[in-house]
Amino acid sequence: MGSYYVTTAIPYVNAEPHLGFALELVQADVLARYHRLASDDTWFLTGTDENSLTNVLAAEREGVPVRELVDRNAEAFRALTGALDISNDDFIRTATDPRHREGARRFWQACAEAGDVYRRPYRGLYCVRCERFYTVEELVADRCPEHEVAPDVVEEENYFFQLSRYTGQVSDLLDSGALRVWPASRHREAQAFVARGLADFSISRTEARARGWGISVPGDREQVMYVWFDALTNYITALGYGTDADRFQRYWIDNPRRVHVIGKDILRFHAVYWPAMLLSVGLPPPTDIVVHGFLTRDGRRMSKSLGTGVDPTALTRKWGTDAVRYWLLHEVPPSGDADYTDEAFARVYAADLANNLGNLVQRTVSMIHRFRAGVVPAPVPTAASRLAVAARAVPSALHRGLDEAWDPRLALDAIFALISSANRAVAETKPWALARDEHEGDAGARHRLDSLLWELAESLRVIAEALRPLLPETSDRLAAQLGLTPAPDWRGALQWGGIQAGTRVGAPTPLFPRRDRSRSER
Ligand SMILES: [Zn+2]
């Protein structure tokens, strides 16, 4: 048993949650659930980044106090964790949580005591929506490449963090693999960024420009912390940095796996700035950074104003939580971007969930009722079956996809290969014909039918166990239909051969009801 700490990035709350953040929550949730099932001492954090100037501007546009705006929008993010069945242990809010406000100030002081904070005049081009400075070379036609708006020219005295001092150490972390970025292409991207040399960065702004919103700099009331500087510290303030020494020791300092799941646009903050900040105060850096790409809709950037946004909560209401989780885990590759379309979502739902998995469960449970009065029969020992072979590939695929590396498709593909094999076994073995022959006194047919039904029930048991970190609700409903309760030893339960003859199955209920597309899309 080890320990494991996983976080999402904390999103800005100036807008409603979008499908891209749902992806991040589900990815982190799968990692947390996997490690809990593997008996690791696991802690899973998400939350909201609330000290951004964008919130002040959004509140001004709406004519409401900033606090009211961040409270309301933070609630939408919290509600999304419920809609997606996210198993986070904690939810931190950077504007309102005293742990964070106190911890972030302590962290600043520690950097200052290390000699890494200094003050100087600064003039730069600032995109408020990105909350970062751009160099002239980084702009596209004089505009922010992300938002296509002209940045503000900002000129003021700021505090700076001495990032340049850590170029060698951050480079060593990446080169030695003490800090691993997934996928490998993102690891190389971070290395290339460090190799160009690191410049010190501004970590404060004037109180006036921040409109009085944010966390003030210790010892200087006229300056407020740069939102990224305070936001990054959430990963440790939530664990009790500066406020709860025991928990912080347990989940950060003594923990061999400190994992951040993030989007590709904030790689540099997590793979370079944040490790350097931690080195400055003498704390260990993260060990793993899992980076996902962007989601587009119908080939276009997702944007509410363009009408190309996808509301993840609405999607779960329409299709069910696990259908959305499945789409995010199986249709989004670990590297590169992915495109969402209503048609492709409906196709995946019908093919993989309703027809393949849903159909297997329905027909297996129905046949056990019809042919064996609802009781799983004892198998007649036969040579190793194809289903046993497919099932034995599942535990190692889970390990490779969810622990050794990061590619949840490996895990799902192994599980769905078992599902397909089981459906093929039904088609080839023709249980209805066996039942007819059995009825006419053919003992061989009875034995073959016993063995088939046992193997199908056992396949479903393995599938239910294997889906626990991925599609937890489906796993529970499937196990309940099989008359099973979760086993305490999950790794053991993944092994073929666990279902007992005599197990009484429940009533067949569809896990993924078929959708009438013409009706659901109207
Ligand atoms: Zn921007």
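Before we start clicking, here is one term you'll need: a residue is called exposed if its relative accessible area is over 50%, and buried if it is under 20%. Also keep in mind that you are looking at a predicted model.

**Stop 1: helix H4**

Select residues 98–113, which make up helix H4. Start at its two ends: Pro 98 and Glu 113 are exposed. Now colour the buried residues of H4, namely His 100, Gly 103, Ala 104, Phe 107, Trp 108, Ala 110 and Cys 111. Turn the view until you look down the axis of H4: these buried residues fall within an arc of 160°, so they line one face of the helix. Pro 98 and Glu 113 sit on the other side.

**Stop 2: helix H3**

Next, select residues 66–83 for helix H3. How far apart are its end C-alpha atoms? They are 26 Å apart, and this agrees with expectation because 18 residues at 1.5 Å a residue should span 26 Å.

Which residues of H3 are buried? Show Val 66, Leu 69, Val 70, Asn 73, Ala 74, Ala 76, Phe 77, Leu 80, Thr 81 and Ala 83. Then bring in what covers them, which includes helices H1 (19–37), H2 (53–62), H11 (312–319) and H12 (321–331). Strands S2 (41–48) and S3 (90–93) are also part of that cover. Before you leave, click on Asp 85, which follows H3 and has a positive phi near 60°.

**Stop 3: the zinc ion**

What coordinates the zinc ion? Cys 127, Cys 130 and Cys 144 each use their SG atom, while His 147 uses ND1, at 2.1 to 2.3 Å. The angles among these 4 donor atoms run from 96 to 115°, and the site is tetrahedral. Along the chain, the donors follow the spacing C-x2-C-x13-C-x2-H. Cys 127 and Cys 130 are both buried.

**Stop 4: an open sheet**

Finally, find the open sheet of 3 strands, in the order S9-S11-S10 with antiparallel pairing. At its edges are S9 (204–206) and S10 (216–217), each pairing on one side only. S9 pairs with S11 (residues 220–225) over 3 bridges. To see one of the bridge partners, pick Arg 205 and look across to Val 224 in S11.

Definitions and conventions. Residues are numbered from 1 along each chain as its sequence is written. This is a predicted model: local features need pLDDT of at least 70, side-chain atom pairs count only at pLDDT 80 or more; totals for chains, interfaces and linings use all residues. Side-chain values use heavy atoms; hydrogens and water are left out. Helices (H or I, at least four residues) and strands (E, at least two) are DSSP runs, numbered from the N terminus. The expected span of a helix is 1.5 Å times one less than its number of residues. Buried means under 20% relative accessible area, exposed over 50%, partly exposed in between (1.4 Å probe, protein chains only). Contact means heavy atoms within 4.5 Å. Two strands pair if DSSP finds at least two bridges between them. The arc is that of the directions from the helix axis to the C-beta atoms. Donors are N, O and S atoms within 2.8 Å of the metal (3.2 Å for Na, K and Ca); water is not among the atoms, so sites may look incomplete. Four donors count as tetrahedral if all angles lie between 85 and 135 degrees; four count as square planar and six as octahedral if opposite donors are over 155 degrees apart and all others between 65 and 115; anything else is irregular.
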